Amino acid sequence: MGNILVTSYINPDMDGTACAVAYAEFINKTGGLSTAGLLGLPHEEALYVSERFNIFLPLIENTDDFTKIVLVDVSELRLFAGKIVPEKVIEIIDHRQVGQTDEFVNAKKQIELVGSAATLVAEKFIGNNVKISRDSAILLLSAIISNTLNFKGSVTTDRDRVVADFLFEVSKLEKDYYKELFASKSDMAGEKLKNTLMADKIVVRQISDKRIVVPQLEIIGAKELLEQRGPEILEILDEMKKTDQLDFIFLNLVDLENICNYFVTKDFETQKLINKIYGLDFVEGHAIKEGLVLRKQIWPLIVSKLEK
Ligand SMILES: [Mn+2]
């Protein structure tokens, strides 16, 4: 059994990063041989956690050296931009509904709709009675807090809560840890705003014959950002729509303090689509929805509207 690479999509978020590192540890502690490797640059939040707790994040350029690959927090080949050979994938652990696993003919697949893929990885340690390192516990807990929006997002399940309790114990982190974690990704000063929105460009989704991009920000200070830089956001989205020849584009701006979403776009067709889904009206380029909804939850609703 050769060395197995555990990886996530290019430029992984907190969840993908945490799962890759922790699941490699699990394999190594259960008789396998594996290496975690992250493609591209992990999200701001993951870099913050790495620096804050002095946890090494293993970056790799490509996957050429590996004959066996495990994918975590991802089940879509196109998110790898040619960087993996699908036949090499022996296992997939993911938690999203919009996935396309057909290309991975050799993979054992675990797709379960919990709030965070980190929950599925942590359950492996718990279920098999394998001791988890503090570093991995910190990473997985950060991922669960991030993905569930500190257990307030409607993606949150009881399984996420149970696993988080366990990880709080192991990591010895305080319950208000979410505050510093959220603050770390909320700085959108200057060019950071545009760079963050454009970084989501890689994820152009094709539904029927329509091309769609939905950048997402989950931050503290969302309302202020919209008040101060709303017109700028609308311009950036408009530019992305033209450059990428998109049919629909909106920003899913998640307000972690006021527990609501702003859907931001000046594109009329997109406004009509969101109105059809949620019955919301747009004023000055945005519509407000109570509660916290993540992009991965909106995709299936968009698909159902566009495919009929
Ligand atoms: Mn995830």
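Predicted model: local features only at pLDDT ≥ 70, side-chain atom pairs only at ≥ 80, totals over all residues.
Biologist: Which residues are the protein donors of the manganese ion?

Modeller: They are D15 and D73, each through OD, and H95 through NE2, and they lie 2.2 to 2.3 Å from the ion. Along the chain, the donors follow the spacing D-x57-D-x21-H.

Biologist: Where are D15 and H95 in the chain?

Modeller: D15 belongs to helix α1 (residues 14-29), whereas H95 is in the loop between β6 (89-94) and β7 (108-111). The two are 80 residues apart, so this pair links distant parts of the chain.

Biologist: Is D15 buried or exposed? And H95, buried or exposed?

Modeller: D15 has a relative accessible area of 0% and is therefore buried. H95 also counts as buried, because its relative accessibility is 3%.

Biologist: How many residues of β6 are buried?

Modeller: The strand is mostly covered, with 5 of its 6 residues buried.

Biologist: Which strand is joined to β6 by 4 bridges and contains residues 68-72?

Modeller: That is β5, and it runs parallel to β6. Within this pairing, I69 stands opposite V89 of β6. Strand β6 also pairs with β7 in the parallel sense, again over 4 bridges. There, D94 stands opposite I111 in β7.

Biologist: Changing topic to S50. Where is S50?

Modeller: S50 is placed in helix α2, which spans residues 44-52. S50 counts as buried because its relative accessibility is 16%, and the cut-off for buried is under 20%.

Biologist: What lies 2.7 Å from a polar atom of the S50 side chain?

Modeller: It is the backbone oxygen of I55. Not counting residues up to four places away in sequence, S50 touches I55 and L57.

Biologist: Where is I55 found, then?

Modeller: I55 is in the loop between α2 and β4 (59-60). At 4% relative accessibility, I55 counts as buried.

Biologist: What is I55 in contact with, leaving aside neighbours within four places in sequence?

Modeller: Its contacts are S50, D135, I138 and L139. I55 and I138 are 83 residues apart in sequence, with their C-alpha atoms 9.2 Å apart in space.

Biologist: On to the sheets. What is the order of the open sheet of 3 strands?

Modeller: The order is β8-β9-β11, and the pairing is mixed. β8 (205-207) and β11 (248-249) stand at the edges with a single partner strand each, so one side of each has no neighbour in the sheet.

Biologist: How many bridges are there between β9 and β11?

Modeller: Strand β9 (residues 210-213) pairs with β11 over 2 bridges in the parallel sense. I212 stands opposite F248 in β11.

Biologist: Which helix packs on that sheet?

Modeller: Helix α10 (residues 295-306) does, touching β8, β9 and β11. The direction of α10 makes about 35° with that of β8.

Biologist: And what is the order of the open sheet that 4 strands form?

Modeller: The order is β10-β12-β13-β14, with mixed pairing. The edge strands are β10 (216-219) and β14 (286-290), each of which pairs on one side only. From one strand to the next, the twist averages 20°.

Biologist: In what sense do β12 and β13 pair?

Modeller: Strand β12 (residues 251-255) and strand β13 (residues 260-264) are antiparallel and pair over 5 bridges. In this pair, D255 stands opposite C260 of β13.

Terms used: Residues numbered from 1 in each chain as written. Heavy atoms only, no water. Buried < 20%, exposed > 50% of the residue type's maximum accessible area, 1.4 Å probe, protein only. Polar contact = N/O pair within 3.5 Å; in protein donor to acceptor, adjacent residues only side chain to side chain. Contact = heavy atoms within 4.5 Å. Pairing = 2+ DSSP bridges. Axes fitted to C-alpha atoms, helices over the stretch in contact; angles between N-to-C directions. Donors = N, O, S within 2.8 Å, 3.2 Å for Na, K, Ca; no water.
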